[in-house]
Amino acid sequence: MSLTDEFIAEIKAEFPSFRVVSKEGDGFSKLIDVALRVITLGGQSEYLTRYYTVIFHTLYVPGGWEATDDVERVITLRHERIHLRQVKRYTPAGMAVLYLVPFFPLGLAYGRARIEWEAYTETIRATAEMRGLDAARSPWLRKHIVEQFVSGAYGWMWPFRGQVNRWYDRALAQIEAEISGSGGGHSTMGGVTSTKKGDSR
Ligand SMILES: [Zn+2]
């Protein structure tokens, strides 16, 4: 059994209706893709090919999921599990308000930014736990995650690079403390969320 299958079983124990659906050939996903291209004026054009999306208890995955590295898939699933817990915490309607309404105006979507921040913190944590602290500290991972906030990928949700970098510093320090044994558990904050492929590297 792969680590991915084991982790999916763990998620299903917490969310029995959890399922993974490929975006390839999924009509609903194609509809969202068109809407996102229009809303972001083309800024988000990789929804079908590069993004993982949680809608209620379903995780929609881009093509190539089965062939993706086992550890990378688990790191992605850990990010997405945060979104499932957020849906539970805020209710689907609450999540939709927090996540989708602030698409307007583009560029200042604090609710979405905080929701994604919590999930990306888990991406950093999972990377540290599964690939080591050096991987979590890598400039590549930082750049990749910061770009998700300041670029058109999520509609320029929080275009303040300095602030996102400070969030990153804080999260990394906290995770380093957790891993060196001083930290306890972590808080978690589902609805509609997307995560770019390769987050976990
Ligand atoms: Zn996310």
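Two points of convention come first. Residues are numbered from 1 along each chain as its sequence is written. The model is predicted, so that local features need pLDDT of at least 70 and side-chain atom pairs count only at pLDDT 80 or more, while totals for chains, interfaces and linings use all residues.

I begin with confidence. The predictor's confidence in each residue, pLDDT, runs from 0 to 100. Its mean over the chain is 84, and 82% of the residues reach 70 or more. Helix α1, residues 3-14, has the highest confidence, with a mean of 97, whereas strand β4, residues 192-196, has the lowest, with a mean of 56. Over residues 183-192 pLDDT stays under 50. For that stretch the model has 33 contacts beyond four places in sequence, a contact being two residues whose C-beta atoms, placed from the backbone, lie within 7 Å.

Next, the overall layout. There are eight helices and four strands in the chain; these are DSSP runs numbered from the N terminus, with helices being H or I of at least four residues and strands E of at least two. Read from the N terminus, the order is α-β-α-α-β-β-α-α-α-α-α-β. The chain has 201 residues, of which 35% count as buried. A residue is buried if 20 or more other C-beta atoms lie within 10 Å of its own, exposed if 12 or fewer, and partly exposed in between, again with C-beta atoms placed from the backbone.

Axes here are lines fitted to C-alpha atoms, for helices over the stretch in contact, and angles run from 0 to 180 degrees between N-to-C directions. Angles under 35 degrees count as roughly parallel, over 145 as roughly antiparallel, 65 to 115 as roughly perpendicular, and the rest as oblique. As for handedness, a crossing is left-handed if the near helix is turned anticlockwise from the far one by less than a right angle, and right-handed if clockwise.

How do α5 and α8 cross, and at roughly what angle? Their axes come within 10 Å and cross at roughly 45°, which means that α5 is oblique to α8. The crossing is right-handed. On the α5 side, the contact is made by Trp117, Thr121, Ile124, Arg125 and Ala128; on the α8 side, by Trp167, Ala171, Leu172, Ile175 and Ile179. These residues divide into eight nonpolar, one polar and one charged. In this classification Ala, Val, Leu, Ile, Met, Phe, Trp, Tyr, Cys and Pro are nonpolar, Asp, Glu, Lys and Arg are charged, and the others, Gly among them, are polar.

Helix α7, residues 139-150, also meets α8: the two axes come within 10 Å and cross at roughly 135°. That angle makes α7 oblique to α8. This crossing is right-handed. Arg142, Ile145, Val146, Phe149 and Val150 of α7 face Arg161, Val164, Asn165 and Tyr168 of α8, and the contact comprises six nonpolar, one polar and two charged residues.

The remaining pair is α5 with α7. Their axes are 11 Å apart, at an angle of about 165°, and the two helices are therefore roughly antiparallel. The crossing is right-handed. From α5 come Ala113, Glu116, Tyr120, Thr123 and Thr127, and from α7 Leu141, Ile145, Gln148 and Phe149. By class, that contact has five nonpolar, three polar and one charged residues.

Met130 belongs to helix α5, residues 110-131. Met130 is partly exposed because it has 17 C-beta neighbours inside 10 Å. Beyond four places in sequence, its contacts are Val71, Val74 and Ile75. The C-alpha atoms of Met130 and Val71 are 7.2 Å apart, although 59 residues separate the two along the chain.

Tyr60, in strand β3, is buried, as 23 other C-beta atoms lie within 10 Å. Outside four places in sequence, Tyr60 contacts Val21, Lys23, Asp26, Ser29, Thr53 and Ile55. Its C-alpha atom is separated by 5.5 Å from that of Ser22, 38 residues away along the chain.

Finally, Phe56 lies in the loop between β2 (51-55) and β3 (58-61). Its phi is near 55°, a positive value in a residue other than glycine. Most residues other than glycine have a negative phi. Phe56 counts as partly exposed, with 14 C-beta neighbours inside 10 Å.
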